[in-house]
Amino acid sequence: MNAPGELVYPLRRVIEAVAITLDVDYDRSDYPALGSPEHLAQIRDTVLSNLDGKSVSERDALLLARLNFRTLGTASWEACLFDFYEACLNRNGLREKAAAFADANAVFAANRASPDERARQYQGDKALQAKLKAASTRFVAAPEELLELAERLIEGDPSYSDYRAKLEAVEDWEKMRFLLGKIREWEHSGTPLPEPLRHFSALDTLILECTNGGFHQYLSNSSGNDALHMRAALRALGLSQQVADAESAMSLLGAPYPTDRAERSARFQTLSADQHDALNEPTWIVDDEGLYSAMIDAAKRSGCFPR
């Protein structure tokens with residue numbers, strides 16, 4: 001793991017960004033119901049169409065990157081591509097992952113069934129659940145790194161120049177998002193972080209909570225325990241109006257601001273409807289470009305912005 005201040009935005013992120021949009025048909029406006037047989041057929045057809053004409057190495061790199069992304073998520077309709085994924089794993093010598101993938105796929109009576117049908121097979125069948133969990137654990141634990149291999153495949157392919165151009169064109173906020181993700185990893189591993197990175201972490205939490213449910217949610221959830229740090233982070237970025245509006249909402253919960261969630265919850269119960277509405281007013285902070293520009297500028301000044 002790179003230490004703070006030594007980040008390089010990786011080519012694999014560009015490959016993954018291309019891979020996860022392989023199922024997008026930009027010329028189509030009508031879409032079938034999610035998870036329906038028509039939807040699965042559309043995904044398969046669109047992915048294969050977007051892979052058509054590419055070299056074997058580029059096709060495999062994109063399939064590996066897409067598989068990595070989807071196995072970290074919950075898009076169960078990827079079953080329509082399972083045969084391509086398994087063939088790709090075997091073709092590239094990823095035997096342990098391929099075997100685990102095949103075993104997970106074989107758990108269901110009909111792997112071509114719709115997501116709803118597989119869900120019905122899964123529910124209440126503890127033996128099936130145990131088999132699937134065991135196979136999934138083996139797949140994740142297998143030493144082969146999908147994105148690392150995808151990157152090597154592209155680096156040795158004629159398409160490398162195209163991906164390199166995409167890498168050079170990555171926007172600053174995408175690089176900032178990469179930095180925020182690394183900060184989470186460093187925090188999880190116990191890596192000591194300098195103050196600017198701790199500030200970015202506090203603001204990342206603010207963005208996630210407010211985007212999902214507003215400033216009211218930010219304060220009511222455990223995220224609100226860190227509101228004083230969030231306020232300090234806004235102040236460090238020179239965002240005086242944002243600080244003032246955040247403080248105004250926080251003051252509705254009393255002074256000093258309660259950093260204990262249970263205490264805040266009790267105070268929420270005493271607020272009027274108008275006061276509850278007022279708690280959401282600072283949500284504009286995460287809708288305003290000023291926050292993101294200030295975070296990027298601060299990251300560049302601190303020397304931790306990804307190259």
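I take a helix here as a DSSP run of H or I, at least four residues long, numbered from the N terminus. This is a predicted model, and I keep that in mind throughout.

**Entry: α12 and what comes after**

I started where α12 stops. Gly238 follows α12, and I read a positive phi for Gly238, near 75°. For background, most residues other than glycine have a negative phi.

Then I went back into the helix. Which residues of α12 (residues 227-236) are buried? I get Ala227, Met230, Ala233 and Leu234. Around the axis they cover an arc of only 110°, which puts them on the same side of α12. I also looked up what they pack against: α11 (195-220), α13, α16 (284-287) and α17 (289-302).

**Entry: α7**

I checked the length of α7 next. Its 16 residues (126-141) should span 22 Å at 1.5 Å a residue, and I find the end C-alpha atoms 22 Å apart, which agrees. The expected span takes one less than the number of residues.

I listed Leu128, Leu132, Ala135 and Phe139 as the buried residues of α7. Looking down the axis, I see these buried residues within an arc of 70°, so they line one face of the helix. An α-helix has 3.6 residues a turn, so residues three or four places apart point the same way. Over on the other side of α7, I noted Lys126, Lys133, Val140 and Ala141 as exposed.

**Entry: Lys166**

I found Lys166 in helix α9 (residues 160-168). Buried, exposed or in between? I have Lys166 as partly exposed, because its relative accessible area is 41%, and the in-between class runs from 20% to 50%.

I skipped the neighbours within four places in sequence and asked what else Lys166 touches: Val14 and Val18 are in contact with it. Val14 sits 152 residues away along the chain, yet I get 6.9 Å between the C-alpha atoms of Val14 and Lys166.

**Entry: a cis bond**

I looked at the peptide bond joining Ala255 and Pro256, and it is cis, with omega about -5°. Most peptide bonds are trans. I placed Pro256 in the loop between α13 (240-251) and α14 (261-268).

**Entry: cysteines**

How many disulfides does the whole structure hold? My search came back with zero. For Cys88, I find the nearest cysteine sulfur on Cys80, 15 Å away, while a disulfide needs the two sulfur atoms within 2.5 Å. I have Cys88 as buried, with a relative accessible area of 1%. Cys304 is buried too, and there I read 6%.

Technical notes
Residues are numbered from 1 along each chain as its sequence is written. This is a predicted model: local features need pLDDT of at least 70, side-chain atom pairs count only at pLDDT 80 or more; totals for chains, interfaces and linings use all residues. Side-chain values use heavy atoms; hydrogens and water are left out. Helices (H or I, at least four residues) and strands (E, at least two) are DSSP runs, numbered from the N terminus. Buried means under 20% relative accessible area, exposed over 50%, partly exposed in between (1.4 Å probe, protein chains only). Contact means heavy atoms within 4.5 Å. The arc is that of the directions from the helix axis to the C-beta atoms.
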